[in-house]
Amino acid sequence: MKEQNRQTVEKGMLYLCATPIGNLGDISWRCVEILKNVDLIAAEDTRNSIRLLNHFDIHTPMTAYHEFNRYDKADVLVEKLKEGASIACISDAGTPGISDPGEVLVSKCIDAGIPVTSVPGPCAAISALIISGLPARRFRFEGFLPAEKKERKEAVSDLAAETCTLILYEAPHRLKRTLSDLLEALGDRRISVVKELTKTHEKVFRTTLSGAAAFYEKEEPRGEYVLVLEGRDPELEKAEKRASWEEMSIPAHVAFYESQGLSRMDAMKAAAKDRGVTKRDIYSGMLEE
Ligand code: SAM
């Protein structure tokens with residue numbers, strides 16, 4: 001290896017290292033080097049990660065950093081970093097901090113003035129998005145929907161108005177319920193159900209929400225899933241808004257904007273824009289009533 005390519009680790013630095021989500025070949029060369037050379041690896045599940053470390057002949061000591069100790073353990077890790085230790089944070093798979101522990105540690109490090117850097121790599125959300133066939137220019141990552149009924153309902157109805165592509169994570173035992181909740185709240189639209197990314201049985205099911213719901217009524221979901229959903233059609237949104245304005249009289253429409261603090265002139269302009277008519281039409285409408 002050429003000397004200039006050797007990865008040195010900096011003292012007192014936190015490294016957020018992305019690890020494979022299935023295919024071990026996806027680990028980066030830099031990630032292996034960093035994991036070999038840091039003083040300590042904070043891993044979500046040390047029993048899981050030992051397999052990864054053994055595979056790449058990494059012998060760095062590990063400590064558990066997971067959902068249930070994420071606050072207290074973060075304080076311990078921050079102290080070690082302050083003393084000059086270099087630490088890598090890894091999750092079970094993929095990018096730490098993305099629906100995985102990491103976020104709390106990062107914010108505590110930032111508060112303590114400790115430098116944080118990333119060692120980028122696999123992330124199921126991004127891989128699913130780019131192979132979904134749905135627009136990737138604007139997207140919203142939602143992670144897992146809440147399990148609790150009320151919170152879940154609120155989260156789903158909040159998604160309904162979003163016009164960009166939506167990305168969700170889901171466990172196999174909750175997939176059917178999620179598809180049916182989404183269908184009910186969002187209506188039928190395109191979805192790519194992406195399964196077992198980078199693994200032997202990787203599959204992309206490009207269908208509609210109703211098609212996916214019907215399919216998984218017959219076929220038991222197995223494996224890891226990412227749902228990539230088409231956003232709400234902006235033309236539909238415009239048409240619905242226009243229809244709702246049209247139900248209102250012109251003076252009521254103008255009065256609505258005035259009640260929002262707009263001058264009479266600006267309120268007339270806004271009403272004309274909503275209705276797709278000229279300001280003169282609005283003016284005549286006001287006189288007629
Ligand atoms: N931090 C990870 C990342 O960067 O993607 C995500 C961790 S989250 C706890 C686990 C969820 O990610 C799974 O339930 C599944 O929705 C998704 N996931 C992880 N690996 C996957 C894979 N190989 N194929 C499809 N989905 C995957």
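In the predicted model, a polar side-chain atom of Asp100 lies 2.8 Å from a nitrogen atom of the ligand; a polar contact is a pair of N or O atoms within 3.5 Å, and within protein one atom must be able to donate a hydrogen and the other to accept it, with residues adjacent in sequence counted only if both atoms are side-chain atoms. The side chain of Glu224 has an N or O atom 3.4 Å from a nitrogen atom of the ligand. From Tyr225, a polar backbone atom is 2.6 Å from an oxygen atom of the ligand. The ligand taken alone exposes 570 Å², of which the protein buries 91% (areas by the Shrake-Rupley method with a 1.4 Å probe; for residues, only the protein chains shown count as cover). Around the ligand there are 18 residues, and Thr95, Ile98, Asp100, Tyr169 and Tyr225 come nearest (near: one heavy atom of the residue within 4 Å of the molecule or strand).

Residues are numbered from 1 along each chain as its sequence is written, and side-chain values use heavy atoms, with hydrogens and water left out. As the model is predicted, local features need pLDDT of at least 70 and side-chain atom pairs count only at pLDDT 80 or more, while totals for chains, interfaces and linings use all residues.

Tyr169 also has a place in the sheet: its bridge partner in S10 is Val226. Strand S7 (residues 165–170) and strand S10 (residues 225–229) run antiparallel and are joined by five bridges. Both belong to an open sheet of five strands with mixed pairing, in the order S6-S7-S10-S8-S9. Strands (E, at least two residues) and helices (H or I, at least four) are DSSP runs numbered from the N terminus, and two strands pair if DSSP finds at least two bridges between them. The edges are formed by strand S6 (139–143) and strand S9 (203–208); each has a single partner strand, so one side of each is left without a neighbour in the sheet. From one strand to the next, the twist averages 20 degrees. Helix H5 (residues 124–132) packs on the sheet and touches S6, S7, strand S8 (190–195), S9 and S10, with its direction at about 50 degrees to that of S10. Contact means heavy atoms within 4.5 Å; axes are lines fitted to C-alpha atoms, for helices over the stretch in contact, and angles run from 0 to 180 degrees between N-to-C directions.

Cys123 lies in the loop between strand S5 (116–119) and H5. Cys123 is buried, at 12% relative accessibility (buried: under 20% relative accessible area; exposed: over 50%; partly exposed: in between; 1.4 Å probe, protein chains only). Residues up to four places away in sequence aside, Cys123 touches Ile21, Thr95, Ile98 and Tyr169. Between Cys123 and Leu168, the C-alpha to C-alpha distance is 13 Å, at a separation of 45 residues in sequence.

Ser86, in the loop between helix H3 (72–82) and strand S4 (87–90), is buried with a relative accessible area of 2%. Its contacts, beyond neighbours within four places in sequence, include Val9, Tyr15, Asn37 and Leu40.

Most residues other than glycine have a negative phi. Asp57, however, has a positive phi near 55 degrees; Asp57 is in the loop between helix H2 (46–55) and strand S3 (62–64) and is partly exposed at 49% relative accessibility. Glu196, also not a glycine, has a positive phi of about 50 degrees. Glu196 is found in the loop between S8 and S9 and is buried, with a relative accessible area of 16%.
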